[in-house]
Amino acid sequence: MNPDALSEALLAVIVPLAEARREGSSAGLTAADLPLERPKNRDHGDWASNAAMKLGKAVGGNPREFAQQIADALGDVDGIASVEVAGPGFINIRLDAAAAGALARQIVEAGAAFGTNDTQRGATINLEFVSANPTGPMHIGHTRWAALGDAMARVLLASGATLVREFYVNDAGAQMDRFGRSVLASIKGEPTPEDGYPGSYIDDLGRRVIAAQPDLLALPLAEQEATARDTAYRLQLGDLQASLEAFNVHFNVFFSERDLHAKGPNGEPSLVDEAVDRLRAQGHVFDQDDAVWVRTTAFGDDKDRVIRRSNGEYTYFAADAAYYLNKGDRGFAHKIYLLGADHHGYVHRLKALAGAAGDDPQKDIEVLIGQLVSVNGARLSKRAGNIIELDDLRDWLGTDALRYSLARYPADSPLTLDPEILTKRTNDNPVFYVQYAHARTHNVARNAAGVGVARDAFAPELLDHETESALLGALQEFPRIVAFAAELREPHRVARYLEELASLYHRWYDNCRVTPLGDEPVTDLHRTRLWLNDATGQVLRNGLDLLGVSAPERM
């Protein structure tokens, strides 16, 4: 008896009762309209429903009386031990031990698939995040977007979405020329150009560029700059990709901005050229002062946007437009942008662009802004001088602690990490606390095997200890937590759930033995508790994987 089955049972009971009170009052009602909650006080039962109060107006009469009718009918459903009405009409439901305990076997048999759901099935999503400029190493902000974006992708995929993780590479424009000149100046032993990029990483790139292009300085000056720029760009992009892979973040697509501006082999229009024509065809482009504009104010933007200047040059907005349209052309009906804290101005701009392209700005695009993050005691990068690098943070705190901590909070909350806590091997460290619970489940299983306790019998009705009821109730919640995290784009809900589950497991461990004491014989209770132990380990493992965090078997 899982929450979905219980909601269906609730629906089956309510529909005839509601219709008897007022015909048509249950029209269109589904199980999804009858949410269940786990009571904070476990003495109130395993699940609670406010269905009687929610439907009170539609069915008429006293909600508490309606709740009592529902409770009386639910009491006859297999797997339900008791139903009570509380307050103005809350329905508190307690499952019998066998019905609740059966979940342990279901979880073990489902394995890595437990927690997956189909609430996002049919959604085709392009999730863009990080998108760091390829002119330097990634900093602490990019680290947060990487952890959050990848965890968001994992919960969406687990909920049935078709999704790609995409990194937009800003490899066009004046910044790339400044980058190239900076690297070339380093190669020549000259000072960094006034508008160039400082930092010893530029010197390192210069040495690598010369190693790859030994005859660079023999080329004409214009070719020197272009070769230095393009070679250094490829090397730096490779470094970014390697940093992300080491951080357990895997992108499906690295999309080059240059591709938006590239003409066809026979001079065919670029994607940016085509974007202007396509937006004009939608009726939202106008000409004024020799420039081309998009009327984005029609979709909530604070001002109309220039897409091509009077001198014929395209603006950044033109590339944004071409990129947005290209995502749709590749089959992505829904686009999610996870941007940094300094990109608030992009929210209305991108939503207005979606409207101008003929999409629904409220449905087809999401622009999520991640807030700033800092680390107590972190040192600025020796190579870049003015940033805290991802690689340095990973080496210092570890991938698991860093990823878990960054995914543990909503994207829109400012965050300060405390390395003193994150490097402790104590329960004060949230990631250690959860990982230790997982390792403990494996230790229990090893000890059980050593004394002959195996999963060769299963008697769920024996799982009647109060800590077992609480633990099973939490395990039931996991698929709904994953679905909710996907719906709200909030993977931190998975982390908080895992901490609660770990707490309930440790409490169960302290009260219920899987291995017999002394010369006690092995009983079906021990065997059944091993199922529950292993089910808990499976859910902890599945949840950590959704956050991109490892689940060690020994600690």
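## Close-up views of a predicted model

**Figure 1. Lining of the largest pocket.** By class, 23 nonpolar, 13 polar and four charged residues make up the lining of the largest pocket. Here Ala, Val, Leu, Ile, Met, Phe, Trp, Tyr, Cys and Pro count as nonpolar, Asp, Glu, Lys and Arg as charged, and the others, Gly among them, as polar. The model is predicted: local features need pLDDT of at least 70, side-chain atom pairs count only at pLDDT 80 or more, and totals for chains, interfaces and linings use all residues. Residues are numbered from 1 along each chain as its sequence is written, and side-chain values use heavy atoms, with hydrogens and water left out. The largest pocket holds about 1000 Å³ of space. Its lining has 40 residues, and Ser131, Asn133, His142, Asn170 and His343 lie nearest the centre. On a 1 Å grid over the protein atoms alone, a pocket is an open set of points with protein on both sides within 12 Å along at least five of seven lines; lining residues have an atom within 4 Å of a point. Grid points are joined across faces, edges and corners, and a volume is the space filled by probe spheres set on the points. At least two lining residues come from each of α6, α12, β10 and α13. Helices (H or I, at least four residues) and strands (E, at least two) are DSSP runs, numbered from the N terminus.

**Figure 2. The second largest pocket.** The volume of this pocket is about 700 Å³. It is lined by 28 residues, and Pro3, Asp4, Pro479, Arg480 and Ala483 are the closest to its centre. Helices α1 (3-21), α5 (97-110) and α18 each supply at least two of the lining residues. Helix α18 gives the most, with nine residues. By class, the lining has 13 nonpolar, eight polar and seven charged residues.

**Figure 3. Strand β5 between its partners.** Strand β5 spans residues 162-169; seven of its eight residues are buried, so the strand is largely enclosed by the rest of the structure. Buried means under 20% relative accessible area, exposed over 50%, and partly exposed in between (1.4 Å probe, protein chains only). Strand β4 (residues 124-128) pairs with β5 in the parallel sense over five bridges. Two strands pair if DSSP finds at least two bridges between them. Thr124 has Thr162 in β5 as its bridge partner. From β4 the chain crosses through helix α6 (residues 140-158) to β5, a right-handed β-α-β crossover. Right-handed here means that, with the strands pointing away from the viewer, the path from the first strand over the helix to the second runs clockwise. Strand β6 (residues 253-256) runs parallel to β5, and four bridges join them. Phe254 in β6 stands opposite Phe167.

**Figure 4. Strand β10, covered on both faces.** All six residues of β10 (residues 334-339) are buried, so this strand too is largely enclosed by the rest of the structure. In a regular strand the side chains alternate between the two faces of the sheet. In β10, His334, Ile336 and Leu338 are buried on one side, and Lys335, Tyr337 and Leu339 are buried on the other. Strands β4 and β10 run parallel, joined by four bridges. Asn126 has Lys335 in β10 as its bridge partner. Strand β11 (residues 365-369) pairs with β10 in the parallel sense over five bridges. Lys335 stands opposite Ile365 in β11. The chain passes from β10 through helix α13 (residues 346-356) to β11, and this β-α-β crossover is right-handed.

Figure 5. A cavity is a set of grid points where a 1.4 Å probe fits but cannot get out. The largest cavity holds about 50 Å³ of space. Its lining is Arg42, Asp46, Trp47, Leu95, Ala100, Ser469, Leu472, Gly473 and Gln476. Helix α18 (residues 466-488) gives the largest share of this lining, four residues. The second largest cavity has a volume of about 40 Å³. It is lined by Leu271, Glu274, Ala275, Arg278, Ala322, Leu325, Asn326 and Asp329. Helices α11 (271-281) and α12 (316-329) are the elements that give two or more residues to this lining.

**Figure 6. Ser182 and its contacts.** Ser182 is found in helix α7 (residues 174-188). Ser182 is buried, with a relative accessible area of 2%. Not counting residues up to four places away in sequence, Ser182 touches Thr192, Pro193, Gly196, Tyr197 and Ile202. Contact means heavy atoms within 4.5 Å.
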